[in-house]
Amino acid sequence: MTKKPFIVFTSNVFAILGLRSLYFVLAGAIRYFRYLKIGLFDRPVFYRRQNAAGAWDIDIAITTSLAVVASII
């Protein structure tokens, strides 16, 4: 039980709209996000390295950058 009005309101809205099953879908899919913390750490590390390479006039192609970010995610 909670006394926070936002949680009470949104849970009631989701229940009324029939989106309660979305909670169960997310609960079942949570195991697929086990590497999310690593990915959220690696992406900024890549951006910092890309900016450092740009300071030394090393140009990284946009397609290469997008491929690296997509593979991290």
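Visitor: Why does phenylalanine 41 count as exposed?
Guide: Phenylalanine 41 has 53% relative accessibility, and a residue is called exposed over 50%, buried under 20% and partly exposed in between (1.4 Å probe, protein chains only), so phenylalanine 41 counts as exposed. This is a predicted model, in which local features need pLDDT of at least 70 and side-chain atom pairs count only at pLDDT 80 or more, while totals for chains, interfaces and linings use all residues. Residues are numbered from 1 along each chain as its sequence is written, and side-chain values use heavy atoms, with hydrogens and water left out.

Visitor: Where does phenylalanine 41 lie?
Guide: Phenylalanine 41 lies in helix α3, a helix being a DSSP run of H or I with at least four residues, whereas a strand is a run of E with at least two, and both are numbered from the N terminus. The chain has four helices and zero strands.

Visitor: What makes the ring pair of phenylalanine 46 and tyrosine 47 a tilted one?
Guide: Rings of Phe, Tyr and Trp (its six-membered ring) pair if their centres lie within 6.5 Å, and planes under 30 degrees apart are stacked, over 60 edge-to-face and the rest tilted. By this rule the count comes to one aromatic pair. The ring centres of phenylalanine 46 and tyrosine 47 are 6.1 Å apart and their planes stand at 50°, so the pair is tilted. Phenylalanine 46, with a relative accessible area of 14%, is buried, whereas tyrosine 47, at 35%, is partly exposed.

Visitor: Which residues form the nonpolar patch on the surface?
Guide: They are Leu17, Leu19, Leu22, Val25 and Leu26, with about 450 Å² of accessible area together, an area that comes from the Shrake-Rupley method with a 1.4 Å probe, where for residues only the protein chains shown count as cover. Patches are made of residues with over 30% relative accessible area and no salt bridge, joined within 9 Å for like charges and within 5 Å for nonpolar side chains (Val, Leu, Ile, Met, Phe, Trp, Tyr), and a salt bridge is a side-chain nitrogen of Lys or Arg within 4 Å of a carboxyl oxygen of Asp or Glu. Helix α2 (residues 20-29) gives the most to this patch, with three residues.

Visitor: Why is leucine 19 described as partly exposed?
Guide: Leucine 19 has a relative accessible area of 33%, and therefore it is partly exposed. Leucine 19 is found in the loop between α1 (5-17) and α2.

Visitor: What is the phi of aspartate 57?
Guide: Phi of aspartate 57 is near 60°, a positive value in a residue other than glycine. Most residues other than glycine have a negative phi. Aspartate 57 lies in the loop between α3 (36-55) and α4, and with a relative accessible area of 73% this residue is exposed.

Visitor: What is the mean pLDDT of the chain?
Guide: The mean is 81, and 97% of the residues reach 70 or more, pLDDT being the predictor's confidence in each residue, from 0 to 100. Among the elements, α2 has the lowest mean (75) and helix α4 (residues 62-72) the highest (85).
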